[in-house]
Amino acid sequence: MKVLHFYRTYYPDSFGGVEQVIRQMVAGSARLGIEAEILTLTRDKTKLEIEYEGRPVHRAALDLEIASTGFSWSALSRFKQLAAEADIVHYHFPWPFMDVAHFACGVKKPSVVTYHSDIVRQKYLLKLYQPLQNKFLNSVDRIVATSPNYLATSPTLGKYRDKTEIITYGLDRSIYPQAAEEDLQRWRTRFPQPFFLFVGMLRYYKGLHVLLDAVAGTQIPVVILGDGPVEQELKRQAQALNLQHVHFLGALPESDKVALLSLCYALAFPSHLRSEAFGITLLEAAMFGKPMVSCEIGTGTSYVNLDQHTGMVVPANDPQAFRDAMQKLLSHPELAAQMGQSAAARYEELFTAERMASRYQALYQQLLK
């Protein structure tokens, strides 16, 4: 069986949550005998055909980008060719150019859409795009929601319940590097006290301004791993609040991320807007057996982090509630350890890449029949 994944960005150009999910899908599918390939866009016009972790990644040159939507005229012909060779076309929503390509290329193969997120921020552009979006979602064979929470709260998915099923994300621990002892010692020396860790792109919906307000006037150590569009704004806020115990590390290699996940006391995940549809970092924390503090935003984040079981879920955009949750975990280490163990058990039960891949395999086979 040959599956073509189509999404706007992928490794090694971009390392976001959807890219990580596709990576895990590809790795998990390979173990089940599924031949997966990826078609994506790139700004690097010198290397359009590459391999990443042993799988072919076909890249078309990005021509322009409008409201985070990449367009590429050469991608149309490449997509038509690759789709003709595939048994299943697997789309990753949202990406309006993908909808255009689907119709422009007249794709007739069985098709799956993993619905990663509603379009939240571009409300006015969404009104223009909605007719195309609805036509596209009507035309595909099956839609996959990534959590029961998201299916229950998405107004768009609500229109397609009869063709939607739930397959949650999953991670494969074996494709993460092992934390080297020298890395562990280096970070242990730098951050000797129990610290909360944030991992991710520094974007508007990640709620990091809430986290900074939450730890103002305390000595709770916070380590922020990642970079992004609001980084300088956050650093100015931290400086204004005199947050000497908050450390911005920028983007670092995967080996450092693994070391910091191994060493941290708990994960801080303050995303406060619905743009955060699931939270791959929450899965990573659960995989490493760490308790979590997150916000209730009506998405998959509260499916991964069960309040009072794997961590604490607090109201969104509420610095005091977030601070109280962090302080409770710090002052009750036995409770924090118990929640971390529950998170690891829940990961093993629901969120492994093996489970995700086997469920997608069953869906693919269903469509081919």
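**Exercise 1. Annotated spans**

UniProt, in an unreviewed entry, assigns the annotation "domain: Glycosyl transferase family" to residues 188–344; find what share of this span is helix and what share is strand, and treat the other annotated domain likewise.

*Solution.* The model is a predicted one, in which local features need pLDDT of at least 70 and side-chain atom pairs count only at pLDDT 80 or more, while totals for chains, interfaces and linings use all residues. Residues are numbered from 1 along each chain as its sequence is written, and side-chain values use heavy atoms, with hydrogens and water left out.

Step 1. Helices (DSSP runs of H or I, at least four residues) and strands (runs of E, at least two) are numbered from the N terminus. Residues 188–344 are 43% helix and 17% strand, and the C-alpha atoms at the ends of this span are 22 Å apart.

Step 2. The record also lists "domain: Glycosyltransferase subfamily 4-like N-terminal", again from an unreviewed entry, for residues 15–172. That span is 37% helix and 27% strand, with its end C-alpha atoms 16 Å apart. UniProt positions are given here in the numbering of the model, feature names are shortened, and annotations may be inferred rather than shown by experiment.

**Exercise 2. The largest cavity and helix α2**

Determine which residues line the largest cavity, and then which residues of α2 are buried and what covers them.

*Solution.* Step 1. The search uses a 1 Å grid over the protein atoms alone: a cavity is a set of points where a 1.4 Å probe fits but cannot get out, a pocket is an open set with protein on both sides within 12 Å along at least five of seven lines, and lining residues have an atom within 4 Å of a point. Grid points are joined across faces, edges and corners, and a volume is the space filled by probe spheres set on the points. One cavity of 30 Å³ or more is counted, and the largest holds about 30 Å³.

Step 1. Its lining consists of Lys2, Val3, Leu4, Glu37, Leu82, Glu85 and Ala86. By class (Ala, Val, Leu, Ile, Met, Phe, Trp, Tyr, Cys and Pro nonpolar; Asp, Glu, Lys and Arg charged; the others, Gly among them, polar), the lining has four nonpolar, no polar and three charged residues.

Step 2. Taking buried as under 20% relative accessible area, exposed as over 50%, and partly exposed as in between, with a 1.4 Å probe and protein chains only, the buried residues in α2 include Ala75, Arg78, Phe79, Leu82 and Ala83. Among the elements covering them are β1, β2 (35–42), β3 (49–52), β4 (55–61), β7 (88–93) and α3 (96–104).

Step 3. Contact means heavy atoms within 4.5 Å; not counting residues up to four places away in sequence, Arg78 touches Leu39, Glu49 and His58. A polar contact is a pair of N or O atoms within 3.5 Å, where within protein one must be able to donate a hydrogen and the other to accept it, and residues adjacent in sequence count only if both atoms are side-chain atoms.

**Exercise 3. Thr352 and the second largest pocket**

Is Thr352 buried or exposed, and which residues line the second largest pocket?

*Solution.* Step 1. Thr352 lies in the loop between α13 (333–350) and α14 (353–368), and because its relative accessible area is 14%, Thr352 is buried.

Step 1. Leaving aside neighbours within four places in sequence, Thr352 is in contact with Gly170, Leu171 and Tyr347. A polar atom of the Thr352 side chain lies 3.2 Å from the backbone nitrogen of Arg355.

Step 2. The second largest pocket, with about 170 Å³ of space, is lined by Gly28, Arg31, Leu32, Leu171, Asp172, Arg173, Tyr347, Thr352, Ala353, Glu354 and Ala357. Helix α14 contributes the largest share, three residues, and the lining divides into five nonpolar, two polar and four charged residues.

**Exercise 4. Helix α7**

Why is helix α7 (residues 208–215) described as largely enclosed by the rest of the structure?

*Solution.* Step 1. Six of the eight residues of α7 are buried, and therefore the helix counts as largely enclosed; the buried ones are Leu208, Val210, Leu211, Leu212, Ala214 and Val215.

Step 1. Their cover includes β11 (196–199), β12 (222–225), α8 (231–240), β13 (246–250), β14 (266–269) and α12 (319–331).
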